[in-house]
Amino acid sequence: KDSGTHALFAGCLWMGGFDDTYGVLHASFMRFDDSLTNFRPGPIANNYNGLYQQRYDKVWKVTQQQIDYHRQHFTDINYVANTAILDWPANGNVANGEPAVLAPFADYNNNAVYEPELGEHPVILGDEALYIIYSDRFSPNSVNYGNPLKVDVHLMVYAYTGTGAPAIRNTLFMHYNIVILS
């Protein structure tokens with residue numbers, strides 16, 4: 001701790017597969033220095049304009065404490081939800097070809113629309129979480145080792161900050177959800 005040494009220098013999924021039907025290799029990965037990559041921020045979409053990039057070129061951070069506070073106070077007069085709650089990337093823009101549901105959330109009325117004003121909130125693992133969405137279709141394959149896989153990757157990096165075993169409090173966990181799109 002406080003040594004300037006970090007637990008993780010770089011990390012990314014490497015995925016690949018061979019399509020026997022057409023004899024085509026599909027591969028998506030990123031080098032540690034970001035010089036060769038198939039991945040770009042955000043889900044697969046029809047248009048990757050400036051608004052798209054502004055929305056998805058980020059990492060979302062939320063804590064269980066913020067979620068609990070929101071759950072307890074969303075009905076209070078003059079309550080304004082925290083930005084971490086309001087900006088959670090729960091829904092994509094389906095008019096732009098993005099998936100309807102992106103990040104996990106408590107959908108109390110089962111309509112698949114994130115509505116924090118109704119008490120809905122992010123669902124995370126651990127006590128604190130980061131959420132990242134990226135795909136391999138934003139730009140042509142810069143690595144030239146095959147065609148894109150046409151996948152979205154949803155990554156939740158999380159940690160436990162509360163009481164418990166010291167090893168758990170000093171561990172980063174990574175949960176990948178790989179969404180295969182046609």
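**Cores, strands and rings in a predicted model**

V62 is in touch with I67, A84, I85, W88, P122, I124, E128 and A129, leaving out residues up to four places away in sequence; contact here means heavy atoms within 4.5 Å. This is a predicted model, in which local features need pLDDT of at least 70 and side-chain atom pairs count only at pLDDT 80 or more, while totals for chains, interfaces and linings use all residues. Residues are numbered from 1 along each chain as its sequence is written, and side-chain values use heavy atoms, with hydrogens and water left out.

V62 also turns up in the largest nonpolar core, which has 23 residues; V62, W88, I124 and Y131 touch the most other members. A nonpolar core is a set of buried Ala, Val, Leu, Ile, Met, Phe, Trp, Tyr and Cys residues joined through side-chain atoms within 4.5 Å. Buried means under 20% relative accessible area, exposed over 50%, and partly exposed in between, with a 1.4 Å probe and protein chains only. Two or more residues of this core come from each of α1 (50-56), β4 (60-63), α3 (83-86), β5 (128-135) and β6 (151-159). Helices (H or I, at least four residues) and strands (E, at least two) are DSSP runs, numbered from the N terminus. The biggest share comes from β5, which gives three residues, the most to this core. There is also a second, separate core of nine residues, with I132, Y134, V151 and V157 among them.

Now to β6, where nine of nine residues are buried. In a regular strand, side chains alternate between the two faces of the sheet. From β6, V151, V153, L155, V157 and A159 point one way, D152, H154, M156 and Y158 point the other way, and all are buried. Strand β6 pairs with β5 in the antiparallel sense over eight bridges; two strands pair if DSSP finds at least two bridges between them. Within that pairing, S135 has D152 in β6 as its bridge partner. Eight bridges also join β6 to β7 (residues 173-180), again antiparallel. Here V157 stands opposite M174 in β7.

Next come the rings, which make nine aromatic pairs in the structure. Rings of Phe, Tyr and Trp (its six-membered ring) pair if their centres lie within 6.5 Å; planes under 30 degrees apart count as stacked, over 60 as edge-to-face and the rest as tilted. Y56 and W60 make an edge-to-face pair, at 6.4 Å centre to centre with 70° between the planes. Y56 counts as buried because its relative accessibility is 1%, and W60, at 6%, is buried too. F105 and Y114 have ring centres 5.3 Å apart and planes at 70°, so this pair is edge-to-face. Both F105 and Y114 are buried. Y56 and W60 also belong to one aromatic cluster with Y48 and Y52.

Y56 is found in helix α1. Although Y56 and P41 are 15 residues apart in sequence, their C-alpha atoms are 5.8 Å apart in space. Beyond its neighbours within four places in sequence, Y56 is in contact with P41, G42, P43, N91, G92, N93, E98 and L102. The side chain of Y56 also makes a polar contact of 3.0 Å with that of R55. A polar contact is a pair of N or O atoms within 3.5 Å; within protein, one must be able to donate a hydrogen and the other to accept it, and residues adjacent in sequence count only if both atoms are side-chain atoms.
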